[in-house]
Amino acid sequence: MQRFAFKMKLKPGSEAEYKKRHDEIWPELAQLLKEAGVSDYSIFLDEETSTLFAVQKQAGQSSQDLGTTAIVQKWWAYMADIMETNPDNSPVSIPLKEVFYLA
C-alpha cells in the first residue's frame, strides 16, 4: 500500500461550499475510488491560504489518475467553479514529497 499526498487550491470564499459538496459525495464516486484501491483518504484545509492538503493510501490508482471515467469528469465539472482547475476541469494538483513518516 502506497501513501500519496498532494495539494490543491480553493477559490477565495469557497471553503464552506467545498466542505458541503464533499459531505454529500456521490455514492458512485466513493465506490469508484474504493474499487480503484484508494483508501484512508483525507483532505485538510489551510484556512489562511485556501490550500487543500490531501493524503490517501493507494493499492492501485491515485484518485488523480481516474480522470478518464465519466463520473470523475462529472465531479470535476461540478467542482470547477470553486477550485483552481486545468483546462479539462481537473483540479490543479501538485504532488508533495514525503519528508517524514512515523508509523
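Asparagine 89 is partly exposed, with a relative accessible area of 29% (buried means under 20% relative accessible area, exposed over 50%, partly exposed in between, with a 1.4 Å probe and protein chains only). This residue belongs to a predicted model, in which local features need pLDDT of at least 70, side-chain atom pairs count only at pLDDT 80 or more, and totals for chains, interfaces and linings use all residues. Residues are numbered from 1 along each chain as its sequence is written, and side-chain values use heavy atoms, with hydrogens and water left out. Helices (H or I, at least four residues) and strands (E, at least two) are DSSP runs, numbered from the N terminus.

**Residues with positive phi**

- Asparagine 89 has a positive phi of about 75°, although it is not a glycine.
- The loop between H3 and strand S4 (94-95) holds asparagine 89.
- Aspartate 40 is not a glycine either, yet has a positive phi of about 45°.
- Aspartate 40 sits in strand S2 (residues 38-46) and is exposed, with a relative accessible area of 51%.

**Tryptophan 76**

- Tryptophan 76 is part of helix H3 and counts as buried at 10% relative accessibility.
- Leaving aside residues up to four places away in sequence, tryptophan 76 touches Gly67, Asp88, Asn89, Ser90 and Pro91 (contact means heavy atoms within 4.5 Å).
- Lysine 20 is 56 residues from tryptophan 76 along the chain, and their C-alpha atoms are separated by 15 Å.

**H1 against H3**

- Helix H1 (residues 15-23) packs on helix H3 (residues 70-79) at an angle of about 155°, with the axes 11 Å apart (axes are lines fitted to C-alpha atoms, for helices over the stretch in contact, and angles run from 0 to 180 degrees between N-to-C directions).
- H1 and H3 are therefore roughly antiparallel to each other (angles under 35 degrees count as roughly parallel, over 145 as roughly antiparallel, 65 to 115 as roughly perpendicular and the rest as oblique).
- The crossing of H1 with H3 is right-handed (left-handed if the near helix is turned anticlockwise from the far one by less than a right angle, right-handed if clockwise).
- Tyr18, Arg21 and His22 of H1 make this contact with Trp75, Tyr78 and Met79 of H3.
- The contact of H1 with H3 has 4 nonpolar, 1 polar and 1 charged residues (Ala, Val, Leu, Ile, Met, Phe, Trp, Tyr, Cys and Pro count as nonpolar, Asp, Glu, Lys and Arg as charged, and the others, Gly among them, as polar).

**H2 against H3**

- Helix H2 (residues 27-35) and H3 cross at roughly 125°, and their axes come within 10 Å.
- That angle makes H2 oblique to H3.
- H2 passes H3 in a left-handed crossing.
- On the H2 side, Glu28, Leu29 and Leu32 meet Ile71, Val72 and Trp75 in H3.
- By class, the residues joining H2 and H3 are 5 nonpolar, no polar and 1 charged.

**Aromatic rings**

- The whole structure contains 5 aromatic pairs (rings of Phe, Tyr and Trp, the last by its six-membered ring, pair if their centres lie within 6.5 Å; planes under 30 degrees apart count as stacked, over 60 as edge-to-face and the rest as tilted).
- The pair of phenylalanine 4 and phenylalanine 6 is tilted, because the ring planes stand at 35°, with the centres 5.4 Å apart.
- Phenylalanine 6 is buried, with a relative accessible area of 0%.
- One aromatic cluster is formed by Trp26, Trp75 and Tyr78.

**Threonine 69**

- Threonine 69 lies in the loop between strand S3 (51-58) and H3, and is partly exposed at a relative accessible area of 24%.
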